[in-house]
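Student: I would like to know what stands behind the terms used for this model. Please take them one at a time.

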Number of protein chains: 2
Amino acid sequence: MAFSSSNKTILDNAIKAIHERIFFAQYPEHPKAYGEDGAVKGLELFNAFLNKEFTELQQDSPSNWASEEVSPFTQEKLGIKYPTYDVGKTLIRSARAMNSWKNVSADDRADVLIDSLERISKRFNEIAYATMHTTGQAFMMSFQASGPHANDRALEAIAMGYEELSRFPQNVVWDKPMGKMNVVLHKEFKAIPKGIGVVIGCSTFPIWNSVPGMYASLITGNAVIVKPHPKAILPIAIVVAEIQKALAAKGLDPLTCQLAVDTSDKLITKELCEHPLVKLIDYTGGSAFGEYVESLKDKVVFTEKAGVNSVIIDSVADINPVVQNLAFAVSLYSGQMCTAPQNIFIPATGIKNGDAHLSYEEVVNALKEGIAGIANNPKMAAGTYGTIQNEMTLKRVNSLKKMDAVVLLDSQNVSHADFPNARSISPLVLELDSKDFGIYENELFGPIVLLIKTKNTDESISLAKDMTQKHGAITCAAYSTDESVTAKIIEEMESVFAPVSLNLTGMIWVNQHAAFSDFHVTGGNPAGNASFTNPEYVCKRFVWVGHRRVA
Amino acid sequence: MAFSSSNKTILDNAIKAIHERIFFAQYPEHPKAYGEDGAVKGLELFNAFLNKEFTELQQDSPSNWASEEVSPFTQEKLGIKYPTYDVGKTLIRSARAMNSWKNVSADDRADVLIDSLERISKRFNEIAYATMHTTGQAFMMSFQASGPHANDRALEAIAMGYEELSRFPQNVVWDKPMGKMNVVLHKEFKAIPKGIGVVIGCSTFPIWNSVPGMYASLITGNAVIVKPHPKAILPIAIVVAEIQKALAAKGLDPLTCQLAVDTSDKLITKELCEHPLVKLIDYTGGSAFGEYVESLKDKVVFTEKAGVNSVIIDSVADINPVVQNLAFAVSLYSGQMCTAPQNIFIPATGIKNGDAHLSYEEVVNALKEGIAGIANNPKMAAGTYGTIQNEMTLKRVNSLKKMDAVVLLDSQNVSHADFPNARSISPLVLELDSKDFGIYENELFGPIVLLIKTKNTDESISLAKDMTQKHGAITCAAYSTDESVTAKIIEEMESVFAPVSLNLTGMIWVNQHAAFSDFHVTGGNPAGNASFTNPEYVCKRFVWVGHRRVA
């Protein structure tokens, strides 16, 4: 094998981007960059998967076939059958594949992994439809999150891993002067992979949240077993299939990366995680299972769990673009993002709006109107909200209506022109007081927005900090025109390891974390113990071992 | 503050050395490099400490004074009294100091920390006597291990930490083209320290094993509390005092690094470790307490625990230098090193010695004679063995004599010309069979050497690997002239994350790990979960937090 020069260029640019942290995207986020008729063809290709066995994986002899995906847009079963295997068979295949993969050079690993990303990029449109009809995301978000943005995060993990693997020389002569003579040793430094990695996927971002861990484990020489959510398999199945093809094309064992499908009534996640051969676990999902995974002995675990994200409104230059920005941020994909704001803290004394003053009620009303503005625009509503992935989310919204809280904006059914059966609702907006922590200190995943009246900004900051410390937060949006308040917000929030997005207006929302620049999740609070993609995220997947021999 | 140019040069050289991993030493290991009469003055300075209060710490209002150090050379109490404090007081001081220290720039932290090393280097001779009369090490080892070698490892941690802190820009403009317009964000990336670090020292290497964690936590902005072993305080007390002086000299809070002394009858380690303010723990010592520390929730823990180090003898070019090398390696500091070999596996079929053959019995006899050669040379014995730090180690040796094993060489009292009461013995050498795993699978800390008869080299490798996987190992020495056997040893041992030192003869022993080149402990097997000083060792002490604001 030789490192393809185009892949080497991609890698070098990605490493440079990680260090510069300015805007960089290897994979353009516009569907047209992947062909004028890409979306049309993508839909055809997606439809061709329906009601058939998924046969792209190079994993023979399945013990059974599983199928339980349902489109949140059509409410119909996709009917795609995926092969299932005994956990023992999957693990032994993984261990055997790793025996070869661990000896593949970092250059060759990077080459074949970047190859796989290039292959995946040619399928972004069908992946977008696969994502749409499993996660409920609207098409554009499906395309971007599961396509270019995910590929960029995967490339980021490859680049960070490659840099760590290349950080120390493989061989050196250590020549120590000892007065009349020298001691001379040949030393060899090897990055030994930890062992099989299991990547546990989630139902809302089956690719974006899985590929960083997959590629971080693979670049550092570990074999990977991907355990998708039983209701969101197709997107990541296509990705795994392309990784297997890229491996096979270079004469490497495609089982270096396997898909391990299970069913809701017989989950294999614990059996996989607890097996002694499994050394690395990447997990995205609810906190309870996340804490179980984190508690496992002798495993290196990377988690992204639930969190309660806050918005602190202290003062604004102009309330209108702020309201527009926040209304979109809370509406996007119906709040089913780990980065979505939930608790919006507003001082009872009101806020400064440029040189004017807005009362608390005026701020609340503006936000309510802003959120309603999207809900009342059918086309915008459908495209922004997408649909609800999980029936439980609907139940959560309904149960909250029964709480003793002021319903500022009721959640209503949203019609999608192309999908009469779409499970889609507008956000429920409740008004709470800061004493109602029993409600707002829970992660209320889904289209639920809480406007919380505080005594003043100090209390807002204090509550946002407390929520983060106790329950975790991945993001914090803050609005203030006062530099001393801003400094306090930043100081307090970074003391609980939450990043602050300040005064966002226009075409950028707190929900978005960009590859090569933003660290996604800090790893410092209960929302997760790991970060895409800091050095720790790759370092912990291998061990430096230094051998010595007398020259 | 401005980064002193001499300190900057030291830092730059250290960073370069870490990357090159060839021989580098900032601090010469020859006592004479620190003054012709350094040792004489050092002894005077050490004697001046005896039977007095230790008053160099800038920690006022002690609640009590503790004193229980006893010289293993004289068996007399040192009588040095150290201030003790309520854990609560120590923690609140630490938290307050950290509030300032976390805002000191990486440059200024590196500057003041390197200052402290320069100050410490001026006291290497008195530190050597302090180490000698607490750990029982002979003078030269005390000088090197607690002096230049420890300072080099501390500098290594500073350099690695500084590099990680400087890895990403502090401020960038992120300018994303969005078709007709651009989204422009100012981003700020901050390395936020995790929180107070506790460093738990051991009785045999009170400085060498503590300074890497201390300096790694300090350079990354954390305050540090050093909890020494109650019987080995003076060496690290001098180090902490010099760090405090270096801090104070720059107008920084000396309580950024505190010494927290306790007594054997009222240990404070658990209270410190379990306190919510403590986020980082560095530990060197026995496995049971190490596993307790590792099990603590919400702490980042770095451990070096017990291990069982193996020697695999397969074939040699010349048995004589091999025997000399191994005899010294097992004798040095009476086996009280975490890197000391314990189990020497020898095939029953004998070994190749150049073109000749040595029977198993001949190899055993040669090793026995080699080890006896040191024991029978009084001056060499005293200088090599030093003394026994802990009474328990003597008891362990005596209890092993009662086992049903062939005593090849009995342990005998060793006289030290200058110290008639020295607690010093020669190694006990036992002959075992591979089936006696009940004995050799324990870490038998101290002057205990086990020669173990195996079926063949394959069994030797298999046992060395098993011991490492089950009980941990920091080193593995191997002797083979056969490249295919060598390759197998390396492959098998690195699969359990143990480094192999191959065919060491002459003035280099498997016990020695050099700063800037060797990773000490891999972190991959039960001997410890961390490595001096790999990137992970510093990365895990802080969290990257990225704030964003609209430009």
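Student: What makes helix α6 of chain A mostly covered?

Tutor: A residue is buried if 20 or more other C-beta atoms, placed from the backbone, lie within 10 Å of its own, exposed if 12 or fewer, and partly exposed in between. Seven of the eight residues of α6(A), residues 139–146, are buried, so the helix is mostly covered. Helices are DSSP runs of H or I with at least four residues, numbered from the N terminus. This is a predicted model: local features need pLDDT of at least 70, side-chain atom pairs count only at pLDDT 80 or more, and totals for chains, interfaces and linings use all residues. Residues are numbered from 1 along each chain as its sequence is written, and chains are lettered from A and ligands numbered from 1 in the order in which they are written.

Student: Which elements do the buried residues of α6(A) pack against?

Tutor: Those residues, including F139(A), M141(A) and F143(A), pack against α5 (124–135), α7 (148–165) and α9 (234–249) of chain A. Contact here requires C-beta atoms, placed from the backbone, within 7 Å.

Student: Why are the two copies said to be related as by a two-fold rotation axis?

Tutor: Chain B is laid on chain A by a turn of 180° and a shift of 0.0 Å along the axis, with an RMSD of 0.0 Å. The superposition is by least squares on C-alpha atoms of residues with pLDDT of at least 70 in both copies. The relation is therefore as by a two-fold rotation axis. In chain B, E536(B) has the C-alpha nearest that axis, at 3.0 Å.

Student: How do you know that the same surface serves both copies?

Tutor: Of the contact residues of chain B, 100% recur in chain A.

Terms used. Two residues are in contact if their C-beta atoms, placed from the backbone, lie within 7 Å. Helices (H or I, at least four residues) and strands (E, at least two) are DSSP runs, numbered from the N terminus.
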